[in-house]
Amino acid sequence: MDTPLIPAIGVLNADDFHAVMLPVPTPGEHDLLVKVDAISVNPADYRVHQRKQDDGRLDILGWDAAGTVLACGSAAARHFRPGDAVYYAGDISRPGCNSARQLVDWRLVARRPAGWSAEAAAALPLTGLTAWEALVEQMAYTPHRALEQAQTLLVIGGTGGVGSIAIQLARLVPGLTVVATASREASAAWCRQMGAHHVIDHRRPLALQLEQAGLPDVHGVLLLNRPDHYWQPVAELIAPHGHIVNIVPFDWPLTSIC
């Protein structure tokens with residue numbers, strides 16, 4: 001009997017993509033075999049692709065996906081069953097979601113809410129996880145938990161995926177004023193739609209605009225774009241004991257920027 005094959009997109013180096021046919025993978029103990037219904041593309045996908053070594057090995061990339069469970073490993077079967085609609089961010093050490101079928105550890109997977117399309121669900125995992133880890137785990141802002149004293153959060157790059165989710169999460173924190181940056185009117189309108197109290201232009205001096213908005217103190221900064229450019233002004237405006245969380249690689253050593 002012929003082995004069933006599935007279509008996938010693989011890469012051999014940082015400059016190429018290849019359409020290939022691969023055998024359907026078999027779930028291990030903790031695996032779900034998922035029929036991939038939708039994926040999203042993130043900056044993380046781009047950076048992983050750019051780092052791909054030309055080692056002769058075909059890699060299947062892709063992080064965020066939504067799909068339908070086809071089969072379960074023995075441990076995974078205690079939590080999921082075939083037919084479940086799911087979404088997840090995968091594991092960089094395993095073949096990614098740029099494939100018609102994917103194996104993913106059930107512990108990375110969530111059930112997809114009934115009202116969500118596969119496309120909407122696939123857009124959320126990495127952006128949502130990153131925003132949550134930055135705000136809740138690193139800055140100690142928790143939705144629906146009031147701050148002891150009023151604070152201001154500055155989101156540099158408010159219109160991207162992480163920024164859009166971070167603004168919405170931050171607005172759920174009583175006592176937290178959310179300021180986002182955007183350079184175009186359409187981008188500023190988007191930030192306001194997400195819930196930002198104030199929008200400032202990241203092309204102009206940040207401290208001056210914050211002062212003009214009556215917000216001289218910034219207690220948290222979520223740096224989502226061009227950290228080499230913004231690190232010095234951010235370091236100057238952050239309040240004592242404030243938090244700066246950066247999610248983007250620096251182009252230059254930090255010591256050369258300060």
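Is Asp31 buried or exposed, and what is its relative accessible area? In this predicted model, local features need pLDDT of at least 70 and side-chain atom pairs count only at pLDDT 80 or more, while totals for chains, interfaces and linings use all residues. Residues are numbered from 1 along each chain as its sequence is written, and side-chain values use heavy atoms, with hydrogens and water left out.

Asp31 turns out to be buried, with a relative accessible area of 9%; buried here means under 20%, exposed over 50% and partly exposed in between, using a 1.4 Å probe and protein chains only. Its side chain meets that of Arg94 in a salt bridge at 2.9 Å, N to O. Asp31 sits in strand β3 (residues 31–39) and Arg94 in the loop between β6 (85–89) and β7 (101–105), so the pair ties together parts that are 63 residues apart in sequence. Strands (E, at least two residues) are DSSP runs, numbered from the N terminus. Arg94 itself is partly exposed, at 26% relative accessibility.

Another one joins Arg111 and Asp84, at 3.5 Å from N to O. This pair also links distant parts of the chain, with Arg111 in strand β8 (residues 109–111) and Asp84 in the loop between β5 (64–72) and β6, 27 residues apart. Arg111 is partly exposed at 48%, whereas Asp84 is buried at 13%.

Salt bridges with shared partners join Lys52, Asp55, Arg57 and Asp59 into one network. Within it, the Asp59 and Arg57 side chains meet at 2.9 Å, N to O.

How values were computed:
A salt bridge is a side-chain nitrogen of Lys or Arg within 4 Å of a carboxyl oxygen of Asp or Glu. Helices (H or I, at least four residues) and strands (E, at least two) are DSSP runs, numbered from the N terminus.
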